[in-house]
Amino acid sequence: MAAWWVCATCGVEHASRPDVCAICDDERQWVPEQGQRWTTLDELTAAGTRVVVDELEPGLLGLRAEPAVGIGPTTKVVVTPQGSLLWDPLGFVDDEAVAAVLAHGPVVAVVASHPHMFGVQVEWSRRLGGVPVLVSDADASWVQRPDPVIETWSGEREVLPGVVLSQPGGHFPGSAVVHWAAGAEGRGVLLAGDTIMANPDRRSVSFMRSYPNRLPLSGAVALRVAEHVAGRPFERLYNNFDGVIPAGARSVVLASAERHAAWVRGDFDHLT
Ligand SMILES: [Zn+2]
Ligand SMILES: [Zn+2]
C-alpha cells in the first residue's frame, strides 16, 4: 500500500487521502463531476506514464509527462554552470527523468511557482538527493505532504548566480516568478508560472485569480505584478504550460497590464 498519494486532477502529492483535495476544492480549481480520484506513482508507471524532455532553448529544459498527469504542466529546468533549478515540478517522476535532469548537472533546489504546481515536489527532492524544496511562506498552508526538505521563503532569493526568485503575488499571495538573466541569448527570460499567463496570440498576457474558472484580478494588482517583474530586463516569457511570449515580453507584460486595468475600470464599456 502506498504511503502517499497523488491527486489525479491537480497532480499534487498528499500524505493522506482526504475526501476531497483542498487545492482542487478551492475557487481557483475544480473537483471533477465524477468526484475526487487519487492515484500513485506505481499506478501511473503501470499505466505507461513517462517523462519527455525537450530543450526549449539553450540552458532551459522542458519536462512533461506523457500521458499528462494532473493539469499537464511543463516543468522547467534552468541549467547553469553552478547547477540547475527545477521549477514547477511535475506530478510524476521516474528514474529516467531524474537521470535526464542530472545529466546537465546537480539540482540545487526544487521550487513551485504556487500551490497548483507543487506536483510531487518532495519526491523530486528525495530522488535528486534531498535538495531543498522552497515554498512561499504565504502559501505554505497548502502543502499536503509536509517534509523536512521543505523550506519556506519570502521576498527575493538568488538560488543560482543570475537566477532570481521573487514573489509578485496575485494568483496566490506568494505566487513566484524566476528571472534568468542569461536566458534568451543574454537578453533575459522570465519563468512566470501562472502569475502571468502567456496568451495564445503570443503578444499579450493575462493576470487572473482563476484561469479555469475565469476570475480576474483587479487592475491595481495586474499593474503591481507587471511593475514588479519589469524591474529586471527580459526578452522572453514562459508560463507553466506551453505558453510563450517569444520576444519583447517585458513590454508585452506592461502593455497587457494597462489593457487589463482599462477593461476592468470600464474604459471600454462602450464596446460591450
Ligand atoms: Zn487536487
Ligand atoms: Zn495556478
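I began with the angles at the zinc ion (ligand 1): its four donor atoms subtend 103 to 115°, which makes the arrangement tetrahedral. The cut-off I applied requires all angles of four donors to lie between 85 and 135 degrees. I note that the model is a predicted one.

I then looked up which atoms hold this ion. The zinc ion (ligand 1) is coordinated by the SG atoms of Cys7, Cys10, Cys21 and Cys24, at 2.3 to 2.4 Å. Along the chain, these donors follow the spacing C-x2-C-x10-C-x2-C.

Next I turned to the zinc ion (ligand 2). I found it coordinated by His114 (NE2), His116 (ND1), His171 (NE2) and Asp194 (OD), at 2.0 to 2.2 Å. Is the arrangement here tetrahedral or irregular? The four donor atoms subtend angles of 97 to 151°, which makes the arrangement irregular. In sequence, the donor residues are spaced H-x1-H-x54-H-x22-D. I located His171 in the loop between β12 (163-166) and β13 (177-180), and Asp194 in the loop between β14 (189-191) and β15 (197-198); this pair, 23 residues apart, links distant parts of the chain. I recorded His171 and Asp194 as buried.

Finally I traced a sheet. Seven strands form an open sheet of mixed pairing, in the order β4-β5-β6-β7-β8-β9-β10. I identified β4 (50-57) and β10 (150-153) as the edge strands, each pairing on one side only. Within the sheet, I followed β8 (residues 107-111) and β9 (residues 133-136), which run parallel and are joined by two bridges. I saw that Val110 stands opposite Val133 in β9.

How values were computed
Residues are numbered from 1 along each chain as its sequence is written. Chains are lettered from A and ligands numbered from 1 in the order in which they are written. This is a predicted model: local features need pLDDT of at least 70, side-chain atom pairs count only at pLDDT 80 or more; totals for chains, interfaces and linings use all residues. Side-chain values use heavy atoms; hydrogens and water are left out. Two strands pair if DSSP finds at least two bridges between them. Helices (H or I, at least four residues) and strands (E, at least two) are DSSP runs, numbered from the N terminus. Donors are N, O and S atoms within 2.8 Å of the metal (3.2 Å for Na, K and Ca); water is not among the atoms, so sites may look incomplete. Four donors count as tetrahedral if all angles lie between 85 and 135 degrees; four count as square planar and six as octahedral if opposite donors are over 155 degrees apart and all others between 65 and 115; anything else is irregular. Buried means under 20% relative accessible area, exposed over 50%, partly exposed in between (1.4 Å probe, protein chains only).
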